[in-house]
Amino acid sequence: MISFLTDLSMIASNVKKKKDTTALCLEDTKEKIKNMFNKVELSISAYDTAWVAMIHSPTSPQAPFFPQCLNWLLDNQLFDGSWGLPGRHPILMNDALLSTLACILALKQWSTGEDQINKGLEFIESNITSINDEKQRPPIAFDILFPSLIEYAQILGINLPIGAASLESMIQKREIELQRGSQNNSEGWRAYLAYASEGMLKKSQDWKTIMKYQRKNGSLFNSPATTAAAFQHLKNNDCLNYIQSVLEKFGNAVPTVYPLDIYARLYMIDSLERLGITHHFKEEIRGVLDETYRYWLQGVEEIFLDPTTCAMAFRILRHNGYDVSSDPFYQYSEDKFADSLKGYVKDVDAVLELYKASEVIIHPDESILARKNTWTRHLLKQESSPYRVFSDKLGSYVDHEVNDVLNFPYHANLERLLNKRSMEHYKVEEARILKTSYRSCNLANQEILKLAVEDFNLCQTIHSEELKQLERWVIENRLDKLKFARQKIAYCFFSVAATLFSPELSNARISWAKNGVLLTVVDDFFDIRGFEEEQVNLIQLVEEWNVDINSVCCSEIVKIIFSAIHGNICEIGERSVKQQGRNVKKNVIKFWLDMIQSMYREAEWSRTKVVPTIDDYMQNANISFGLGVIVLPALYLVGPKLSDEVAENNELDCLFKLMSTCGRLLNDIHSFKRECEEGKLNAVTLRIARSNGLITAEDAIEEMKGIIEDKRIELLRLILQEKGSIVPRDIKELFWKMTKVLHLFYMKNDGFTLLEMHSNVNAVIKEPVILSELLYWCNVLEQLCPQVQVILLNGLFDHLEKLAFDIPTADKSQWERFDYQLCALLLKFKEPNILINFRTLRCVTFWNKARSLFANDIQYSYDSTQKLASLQQPDRDMTGFIAQA
């Protein structure tokens with residue numbers, strides 16, 4: 001036991017050394033990510049390369065135009081006889097079948113690669129049943145392309161191992177698809193047919209009509225396969241130039257889509273934003289956005305012919321202060337989008353991006369965005385919506401994205417909560433699918449996730465220490481002795497840690513949180529305690545400021561409150577000297593004096609039964625609500641210089657009033673019933689009272705919601721616009737961050753009483769992200785034994801995600817049989833003594849427990865070492881003890 005504990009001590013020492021090297025490792029990770037901005041990597045498409053390889057030479061019909069592509073096919077068959085994306089997802093078997101058949105046709109056409117052809121045919125024979133598997137994720141136009149390739153194979157004399165019944169079924173599905181489209185006869189259908197035109201070899205094709213989809217780069221839909229088929233028929237020079245340019249870039253093969261540079265770089269920026277690590281790449285991001293903005297102004301096709309890229313470019317550019325118009329979205333109105341290629345294939349990614357773009361309304365006349373928000377939200381909310389059918393992303397990731405944007409609108413989405421949810425759902429090696437599957441390290445990358453996790457946990461460690469400091473400050477200032485006051489320390493700190501999370505913003509966070517705690521105390525002091533003498537005394541103390549608190553305070557409670565306010569303001573003043581070059585104590589005193597005077601005015605109205613006008617109420621309430629004492633002092637501590645001239649400018653005053661109006665009305669809407677019962681003033685009550693009975697409570701609330709939306713739009717416009725603004729963007733952002741906090745807190749009811757918020761507080765401040773757990777599911781298929789892979793490849797891979805009660809009764813018997821079989825196999829790969837208590841568990845429960853036990857994260861190792869070092873169990877072997885624990 002002594003030897004074991006000595007070993008544990010050595011482990012703890014090694015873990016500490018490893019932590020010391022974390023910063024160096026992160027710099028290496030950041031450098032790798034920076035390099036990704038310089039080059040967009042795309043995987044090679046065997047399917048598209050096969051179509052390029054089938055092009056005849058202009059000088060000899062018996063020879064390929066691009067023999068290098070034919071050689072690539074010969075050299076890149078996978079070990080199982082298929083062609084396609086290596087390490088494919090189990091639900092991409094139909095994609096593998098399509099790619100494999102296309103490669104067989106190319107080899108057969110040029111009478112080469114007999115061994116490869118035979119292996120490919122064996123693969124098709126072994127896996128052809130997957131075409132009827134509803135769990136499979138077919139490529140776009142698979143029902144048209146695959147039967148057509150089979151017919152071409154018959155022309156070439158290939159004896160395909162496909163039964164007559166299966167072949168007839170596939171051809172029938174194709175005819176149904178063609179008939180459905182021809183009856184529709186929409187522009188979306190025609191675009192769809194043109195996109196899959198290489199699969200219409202035996203059908204009469206109006207290739208000249210198809211060529212109307214040709215882009216300035218010579219391609220059709222940026223698809224090498226479609227472009228190759230068009231060139232084969234028309235010998236169009238622009239098509240040829242496109243194919244040659246792609247081969248020049250990628251060598252002897254082609255990807256399934258090119259170019260993808262603008263989308264990939266924007267998606268990368270969006271991922272970094274969602275994961276909370278853009279502050280590491282400000283220079284690189286600015287370079288990409290400047291370039292994208294130039295393309296936007298030039299009307300580049302790569303942006304404007306694709307609704308997904310157009311919407312993403314608009315949203316990200318506007319978020320970053322670029323002046324972009326919403327006019328391009330008229331081409332993606334509800335009816336026009338439905339009549340487009342992506343509308344026809346029911347592309348949820350496009351709908352999702354259009355919805356996110358519609359949330360960035362900053363002008364009152366942007367009705368196109370308001371209408372778009374309505375119809376895209378409606379489609380996304382419908383679980384049975386056809387727009388949940390297709391996505392180029394795989395698995396449940398898209399569902400997570402859809403649910404996230406619906407549950408957390410842009411104006412209520414706190415950064416750190418978004419970052420953590422995004423990390424939990426991030427796919428490090430995500431494959432996407434169009435006519436075939438593809439990957440790009442710019443779209444999904446383990447280095448990005450690694451940096452996000454380390455950055456989050458580093459910040460969280462700092463936040464945890466700051467929270468402890470805040471808790472000590474409360475005790476030292478005896479604020480915990482004020483029994484009438486709510487104790488909301490963690491909530492106040494959460495509101496800033498979830499938004500201003502960077503390590504260098506510690507002073508701003510402490511200021512925000514302490515003032516938030518004091519605001520809660522003073523609010524309860526005026527609202528609950530209610531002694532007029534004490535209220536007047538507190539105001540006098542703040543007005544006079546430099547006083548002997550032992551002789552001028554009328555009560556111990558006033559003494560405690562004023563002492564805490566005084567000490568905190570002096571601390572803010574001292575900290576401001578370093579960042580502002582001057583002490584802003586007088587400014588902060590004024591913020592506090594204005595607020596407590598406004599609170600006193602409300603208390604007087606209540607005592608004297610005065611009913612103010614709605615205008616008088618709101619003018620006073622904007623200050624008494626108290627956001628000024630939280631946000632305004634923090635403006636001096638976030639970095640940029642803020643002169644008194646700028647601080648007193650109308651722009652800053654507008655930002656404050658818009659933020660405060662949103663907050664006050666949100667609070668009044670959600671506390672209306674309670675405050676009405678208590679006889680307290682409220683904007684909703686006043687609106688009803690002043691209407692002489694013409695307005696109901698529901699009408700008044702809807703009216704208030706409309707005002708909030710208008711003010712929020714105006715606030716966002718002031719924050720995002722750079723032209724004519726004298727307030728630095730980092731300072732303006734604080735008003736938007738507080739507005740988001742308010743919208744989150746009041747999404748359901750009065751936020752300070754919302755129990756669900758407790759889990760959000762823990763997620764941001766207390767619960768670290770475990771990288772090994774996130775990577776666990778990404779790597780699980782690669783690590784499992786062949787027998788397990790066989791089970792998963794048979795369409796039962798979601799045994800790792802579902803329990804038996806989730807399965808329909810008719811399928812449950814087979815489900816349970818495979819579940820036990822899979823769990824039995826998994827047990828063989830872990831230490832028997834450790835797993836003694838796992839043997840009765842079902843598969844999904846097994847994995848949920850096992851992944852936490854075997855997590856290999858540094859923090860877990862360190863914590864476990866510390867705990868194990870204190871154990872003393874001489875009568876039990878350690879392995880058994882851990883298992884039982």
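A charge sits over a ring if NZ of Lys or CZ of Arg is within 6 Å of the ring centre and within 35 degrees of the ring normal. The structure is a predicted model, in which local features need pLDDT of at least 70 and side-chain atom pairs count only at pLDDT 80 or more, while totals for chains, interfaces and linings use all residues. Residues are numbered from 1 along each chain as its sequence is written, and side-chain values use heavy atoms, with hydrogens and water left out.

**Exercise 1. State which ring Lys488 lies over, and which ring Arg421 lies over.**

Step 1. Lys488 lies over the face of Tyr491, at 4.9 Å from the ring centre.
Step 2. For Arg421 the ring is that of Phe408, and the distance from the ring centre is 3.9 Å.

**Exercise 2. Describe the confidence and the overall make-up of the chain.**

Step 1. The average pLDDT (the predictor's confidence in each residue, from 0 to 100) is 85, and 81% of the residues score at least 70.
Step 2. Residues 829–840 have a pLDDT below 50; beyond near neighbours in sequence, this stretch has 22 contacts (heavy atoms within 4.5 Å) in the model.
Step 3. The pLDDT is also below 50 over residues 851–885, a stretch with 56 contacts beyond near neighbours in sequence.
Step 4. There are 44 helices and 2 strands in the chain; these are DSSP runs (helices H or I, at least four residues; strands E, at least two), numbered from the N terminus.
Step 5. Of the 885 residues, 55% count as buried, where buried means under 20% relative accessible area, exposed over 50% and partly exposed in between (1.4 Å probe, protein chains only).
Step 6. Of the contacts between residues at least 6 apart in sequence, 72% join residues at least 24 apart.

**Exercise 3. Classify the ring pair Tyr293 and Tyr322, then the pair Trp296 and Phe304.**

Step 1. Rings of Phe, Tyr and Trp (its six-membered ring) pair if their centres lie within 6.5 Å; planes under 30 degrees apart count as stacked, over 60 as edge-to-face and the rest as tilted. The whole structure holds 21 aromatic pairs.
Step 2. Tyr293 and Tyr322 are 5.1 Å apart centre to centre with 50° between the planes, and the pair is tilted.
Step 3. Trp296 counts as buried because its relative accessible area is 8%; Phe304 does so because its value is 14%.
Step 4. Trp296 and Phe304 belong to one aromatic cluster with Phe314 and Phe329.

**Exercise 4. Decide whether Asn537 is buried or exposed, and list its contacts.**

Step 1. Asn537 is placed in helix H26 (residues 532–544).
Step 2. Asn537 is buried, because its relative accessible area is 7%.
Step 3. With neighbours within four places in sequence left aside, Asn537 is in contact with Val552, Cys553, Cys554 and Val558.
Step 4. Asn537 and Val558 lie 21 residues apart in sequence and 7.6 Å apart in space, C-alpha to C-alpha.
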